[in-house]
Amino acid sequence: MNLTDIIGRLRQKIRKRQGRPTNHFPFAERQIPASQAMQSLEEFPSDLAEIFFRHDGRVVHKWLHYLDVYSREFARYRNKADVNFLEIGVFKGGSLEMWRKYFGPDAKICGVDINPDCADYVDAPNQVRIGSQADPAFLRGVVEEMGRPDIILDDGSHVATHQQVSFETLWPLLNHNGLYVIEDLHTAYFPGFNEGGYQRRGTAIEVAKQIVDDMHGWYHPKKPLFADKNEVASVRFYDSIVVIEKQKVPMPSHMQVGQVS
């Protein structure tokens, strides 16, 4: 499910619950004419933002503050010949084109989507595989074919159980020094929407909070629920995005240095 679908569904729920018109939505939705797009670089300046606002291919739909987040998080992977990028959720295919421009011609970029039409929304060397992000066998098959990813970006169904299955399946297959990113975490807060609700157990935002506890497993007796403490280097939260960094993490140690008085 893409962002446009999410907004549409939320509008319908708001209209039914509050009797408001379908165009009511509590967040700013902007459509920028091509002639004005580059002016937005002054508000959202980054390498990825320049690519986004100059894009004239298939449709890309992103919250604008994501552009700075991704420029910050993905910069070290740019123009690396062996970077392997996997995106869950293809929409109209434009995001794969954007990532190709950002990561460079030698990157391996693959999208997965449950919608069969998405198979036609891609041009080589980008690739798309059709299947459900809630199907572990399908996800493992994609990784077996494409190789271990360096970055996994979940912009798929936004359904809590789907996101959890994807993470539990793909996290062990993510390369070390890689990033697992989940988009649109705000949907986890909406009651009755894709299994969401404030502090509802099992939503992506709550899973990410649990991973923070898992990362600190050196200091408490609870068994990790989602990720072993030896593999989580950091968990970075932004508005509606979490970035989970995978590295081999040694047991923490400490010492004192300096002259003894």
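This tour moves from a nonpolar core to a helix and then to salt bridges. The model is predicted, with local features requiring pLDDT of at least 70 and side-chain atom pairs pLDDT 80 or more, while totals for chains, interfaces and linings use all residues. Residues are numbered from 1 along each chain as its sequence is written, and side-chain values use heavy atoms, without hydrogens or water.

Select Tyr 70, Phe 74, Phe 85, Trp 99, Phe 103, Val 181 and Ile 241, the residues with the most contacts inside the largest nonpolar core, which has 35 residues. Such a core is a set of buried Ala, Val, Leu, Ile, Met, Phe, Trp, Tyr and Cys residues joined through side-chain atoms within 4.5 Å; buried means under 20% relative accessible area, exposed over 50% and partly exposed in between (1.4 Å probe, protein chains only).

Next, select helix α4 (65-74); helices are DSSP runs (H or I, at least four residues), as are strands (E, at least two), numbered from the N terminus. Seven of the 10 residues of α4 are buried, so the helix is largely enclosed by the rest of the structure. Among them are Tyr 66, Glu 73 and Phe 74.

Stay on Glu 73, whose side chain meets that of Arg 236 in a salt bridge (2.6 Å, N to O); this term denotes a side-chain nitrogen of Lys or Arg within 4 Å of a carboxyl oxygen of Asp or Glu. Arg 236 lies in strand β6 (residues 232-238), 163 residues apart from Glu 73.

Finally, select Lys 62 and Glu 183, another salt-bridged pair, with closest N and O atoms 2.6 Å apart. Both residues are buried, and they join Glu 87 and Asp 155 in a network of salt bridges.
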